[in-house]
Amino acid sequence: MQAILVRHGESEGNQQGIIQGRLESPLTERGRRQSLALATALAAFPVAQVYTSPALRAKDTAGLLADQFACPLTYDERLLERHFGLLQGLRFEDAQREYPQLTGALFSGNAQAATPQGETTEEVNNRLFSCLNDLHKRHRNNTVIIVSHGHALEGLIWQLKGALMSEELRKYGHQNCSYSILNVEAECIELLQWGIATHLRDIR
């Protein structure tokens, strides 16, 4: 199975600097333009199905992609963004002021950092790998698009690149509507390319 991992387009929460996590936020107009540019960039791929996080910003991005390929769209909660616990819903600058040590550790890319009532990197990766393994069983010879979120994807890519505790997760960050390509064969997942964003250069 070939899997194209996509981060959703820019959301209102992204634009406002809010730590969104599991909270809802629609796409901005720029996010829609990013999604359309992504659909054009992926047009040559033989996409059989699109899978997406059920969060609104991901669903809106995925819907545009499914329309492009005239293929089914399926929601999967395992593709949701990382839960940020007590930081969720705060503007980043407010989180820095109210919880400086916690926010600093988490957003510096420390793979071991987690918030009270939130998820760890390991927990997020476990559900994403579970989803990939299930999709491989359904789509062994197909190409699928998977729409998820920035922090979820950077943790997954970090894991695939060797999960070195000395490396910061943010090294593997994805711009809105950038994508990565995986080859999934049974228990073997090969990262072919990650963080592709050349199609976004002219988006304002």
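**A briefing on the sheet, its helices and the core**

The buried residues of α7 pack against β1, α6, β4, β5 and β6 (helices, H or I of at least four residues, and strands, E of at least two, are DSSP runs numbered from the N terminus; packing here rests on contact, meaning heavy atoms within 4.5 Å). Please keep in mind that this is a predicted model: local features need pLDDT of at least 70, side-chain atom pairs count only at pLDDT 80 or more, and totals for chains, interfaces and linings use all residues. Residues are numbered from 1 along each chain as its sequence is written, and side-chain values use heavy atoms, with hydrogens and water left out.

**Helix α7**

- Of the 11 residues of α7, 8 are buried, so the helix is largely enclosed by the rest of the structure (buried means under 20% relative accessible area, exposed over 50% and partly exposed in between, with a 1.4 Å probe and protein chains only).
- Those buried residues are G150, A152, L153, E154, G155, L156, I157 and W158.
- Just after α7, G162 has a positive phi of about 120°.

**Where α6 meets α7**

- The axes of these two helices come within 9 Å and cross at roughly 80° (axes are lines fitted to C-alpha atoms, for helices over the stretch in contact, and angles run from 0 to 180 degrees between N-to-C directions).
- α6 and α7 are therefore roughly perpendicular to each other (under 35 degrees counts as roughly parallel, over 145 as roughly antiparallel, 65 to 115 as roughly perpendicular and the rest as oblique).
- From α6, the contact uses T121, V124, N125, L128, F129 and L132, and from α7 it uses A152, G155, L156, W158, Q159 and L160.
- By type, the residues of this contact are 8 nonpolar, 4 polar and no charged (Ala, Val, Leu, Ile, Met, Phe, Trp, Tyr, Cys and Pro count as nonpolar, Asp, Glu, Lys and Arg as charged, and the others, Gly among them, as polar).

**The sheet**

- Six strands form an open sheet, 6 strands in the order β3-β2-β4-β1-β5-β6, with mixed pairing (two strands pair if DSSP finds at least two bridges between them).
- Its edge strands, each pairing on one side only, are β3 (73-75) and β6.
- β1 pairs with β4 in the parallel sense over 6 bridges, and L5 stands opposite I146 in β4.
- β1 and β5 run antiparallel, joined by 5 bridges, and here L5 stands opposite S180.
- In β1, 5 of the 6 residues are buried, so this strand is largely enclosed by the rest of the structure.
- α6 lies across β1, β2, β4, β5 and β6, at about 60° to β5, while α7 lies across β1, β4, β5 and β6, at about 135° to β1.

**The nonpolar cores**

- The largest nonpolar core has 25 residues, of which M1, A3, L5, L132, I146 and L182 touch the most other members (a nonpolar core is a set of buried Ala, Val, Leu, Ile, Met, Phe, Trp, Tyr and Cys residues joined through side-chain atoms within 4.5 Å).
- Two or more residues each come from β1 (2-7), α6 (121-138), β4 (143-148), α7 (150-160), β5 (179-185) and β6 (188-196), and α6 gives the most, with 6 residues.
- Not counting residues up to four places away in sequence, L182 touches M1, Q2, A3, L5, L132, L160, I189, E190 and L191.
- A second, separate core of 24 residues includes I4, V6, A39 and L65.
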